[in-house]
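User: Could you walk me through this one? I'd like to ask a few things as we go.

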Amino acid sequence: MLDTILSGEIPCTGFSHADHLGTAHAALRRWEFFEAAHRFADGIRASATAAGAPEKFNATLTLAFLSLVAERMGDEDSETFVAENADLTMEAVRRAGYGADRLAHPKARDVGLLPQSA
């Protein structure tokens with residue numbers, strides 16, 4: 001699945017939040033953080049564009065989830081990681097300082113904005 005994302009060919013249907021988390025975990029296991037972030041974000045952006053919805057890509061949201069995944073990672077495989085971290089949802093992103101206003105900021109789609117404190 002990671003190779004599918006990296007090629008910019010995420011399926012338009014059937015690619016769940018758990019799939020996103022698992023592939024983010026796989027990317028972070030394969031490369032150091034910044035390399036993984038670059039490759040993963042490029043793949044997600046290319047897939048959104050190929051699906052005719054480039055506006056769906058959000059650099060800030062991608063960076064936030066990658067950071068949360070990296071922070072929680074251990075030596076587990078991606079399937080185990082996803083099963084043990086079911087709470088990594090949008091609510092976790094909001095608690096980390098990424099409210100709706102931050103994610104909707106005009107630069108959020110192109111720049112990995114930092115979280116805001118409450």
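Predicted model: local features only at pLDDT ≥ 70, side-chain atom pairs only at ≥ 80, totals over all residues.

User: Which backbone oxygens does the R29 side chain reach, going by polar contacts?

Analyst: A polar contact needs N or O atoms within 3.5 Å. The backbone oxygen of D75 is reached by the R29 side chain at 3.2 Å. A polar atom of that R29 side chain also lies 3.0 Å from another backbone oxygen, the one of E76. So, by the 3.5 Å cut-off, the two to name are those of D75 and E76.

User: Is R29 buried, exposed or partly exposed?

Analyst: Buried means under 20% relative accessible area, and exposed means over 50%. R29 has 46% relative accessibility, so R29 counts as partly exposed.

User: What about the rest of helix 2: what do its buried residues pack against?

Analyst: Helix 2 runs over 17-30, and its buried residues are L21, G22, T23, A24, H25, A27 and L28. Their packing partners are helix 1, helix 3, helix 4 and helix 5.

User: Which residue caps the N-terminal end of helix 2?

Analyst: Look for a side-chain oxygen that lies 3.3 Å from the backbone nitrogen of A18. That oxygen belongs to the capping residue, S16.

User: Now G43. Is it buried or exposed?

Analyst: G43 sits in helix 3 and touches I5, L6 and G8, not counting residues up to four places away in sequence. The cut-off for buried is under 20% relative accessible area. At 0% relative accessibility, G43 therefore counts as buried.

User: How much space lies in the largest pocket?

Analyst: The largest pocket is lined by 22 residues, and I10, F15, H20, I44 and K56 are the closest to its centre. Helix 2, helix 3 and helix 4 each supply at least two residues of that lining. As for the space in the largest pocket, the figure is about 620 Å³.

User: And how many residues of that lining are nonpolar?

Analyst: The lining of the largest pocket includes one charged residue and six polar ones. The nonpolar residues in that lining number 15.

How values were computed. Residues numbered from 1 in each chain as written. Heavy atoms only, no water. 1 Å grid on protein atoms, 1.4 Å probe; cavity = no way out; pocket = protein on both sides within 12 Å on 5 of 7 lines; lining within 4 Å. Points joined across faces, edges and corners; volume = space filled by probe spheres on them. Helix = DSSP H or I, 4+ residues; strand = E, 2+ residues; numbered from the N terminus. Nonpolar A, V, L, I, M, F, W, Y, C, P; charged D, E, K, R; others polar. Buried < 20%, exposed > 50% of the residue type's maximum accessible area, 1.4 Å probe, protein only. Contact = heavy atoms within 4.5 Å. Polar contact = N/O pair within 3.5 Å; in protein donor to acceptor, adjacent residues only side chain to side chain.
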